[in-house]
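Trainee: Please take me through this structure feature by feature. I would like the general idea each time, then the case at hand.

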Amino acid sequence: VEAHVQVSVGGDFDINVTPADIRLGDTITFTAGRLPASSSDAPERSYEWSVDDRVAEMDADGSNGKSMKATAIAVGNGTASLTYYDEEGNDSNGNVAFTVTEPTVSLTAPEEAEVGDTIRLNGKIENINSSNEEIMNDVNLMYLVPGGCLEEVEDGRFLVTDVPEDSMYAKVHAAVTYPTA
């Protein structure tokens, strides 16, 4: 998994995206670049933003003329678009593709464990905005022993209750589940 944003620009004007590396739970800001000039001096202009709601959710107060804020709610690729109407009713369009990157997990665990051993596991979900509580409710860290079994006995401590048939030892893995588009 690469941790980068894939950006492509299309339409009559550019749209910039920040942050460059979008993580699950991040606030994303989309800002229109230079908009087409109008021959009128009238102040009536309008902006219609949209964002791919499978990947990001527009914030309630997120649209403010040339910029829009959204929250990354799922891992995947999405598009944000703006239709700009000038004072004379002429429209111009811009869009940008963006990518919300996958969370990763790191694990501190013993190299090996036998049936009956109690081991301490320390897993950490990375590449995610963990301050977004609503998103974190949909993210889960799991510990696995392929072909074996663990039982949590207290916070962070696990009893090895089974190991693969072809081994005396358990090798522990960590996995993270999260929403995807």
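**Reading the model**

Mentor: Of the 181 residues in the protein chain, buried residues make up 35%. Buried means under 20% relative accessible area, exposed over 50%, and partly exposed in between, with a 1.4 Å probe and protein chains only. This is a predicted model, in which local features need pLDDT of at least 70 and side-chain atom pairs count only at pLDDT 80 or more, while totals for chains, interfaces and linings use all residues. Residues are numbered from 1 along each chain as its sequence is written, and side-chain values use heavy atoms, with hydrogens and water left out.

Trainee: How many helices and strands does the protein chain have?

Mentor: Helices (H or I, at least four residues) and strands (E, at least two) are DSSP runs, numbered from the N terminus. Here there are one helix and 18 strands.

Trainee: What share of the contacts in the protein chain joins residues 24 or more positions apart?

Mentor: Contact means heavy atoms within 4.5 Å. Among contacts with a separation of 6 or more, residues 24 or more positions apart account for 59%.

Trainee: Where is Ile28 placed, and is Ile28 buried or exposed?

Mentor: Ile28 lies in strand β4, residues 27–32. Ile28 counts as buried because its relative accessibility is 0%. Val17 is eleven residues from Ile28 in sequence, and their C-alpha atoms are 7.0 Å apart.

Trainee: Which side chains meet in salt bridges?

Mentor: A salt bridge is a side-chain nitrogen of Lys or Arg within 4 Å of a carboxyl oxygen of Asp or Glu. A search of the whole structure finds two. One joins Arg23 and Asp26 at 3.0 Å, N to O. Arg23 is partly exposed because its relative accessibility is 29%, whereas Asp26 is buried, with a relative accessible area of 6%. In the other, the closest N and O atoms of Arg54 and Asp52 are 2.8 Å apart. Arg54 is partly exposed at 47% relative accessibility, and Asp52 is buried at 18%.

Trainee: Which residues form the negative surface patch?

Mentor: Patches are made of residues with over 30% relative accessible area and no salt bridge, like charges being joined within 9 Å and nonpolar side chains (Val, Leu, Ile, Met, Phe, Trp, Tyr) within 5 Å. Asp and Glu count as negative, Lys and Arg as positive; His and the chain ends are not counted. The place of a charge is taken as NZ of Lys, CZ of Arg, CG of Asp or CD of Glu. Here the patch consists of Asp53, Glu57, Glu134 and Asp138. Asp138 sits in the loop between α1 (133–136) and β14 (140–144), and counts as partly exposed because its relative accessibility is 45%.

Trainee: What should I look for in the backbone?

Mentor: Most residues other than glycine have a negative phi, and most peptide bonds are trans. The peptide bond from Thr18 to Pro19 is cis, with omega near 0°. Pro19 is in the loop between β2 (15–18) and β3 (22–23). Asn127 has a positive phi, near 60°, and lies in the loop between β13 (122–126) and α1.

Conventions: Accessible areas come from the Shrake-Rupley method with a 1.4 Å probe; for residues, only the protein chains shown count as cover.
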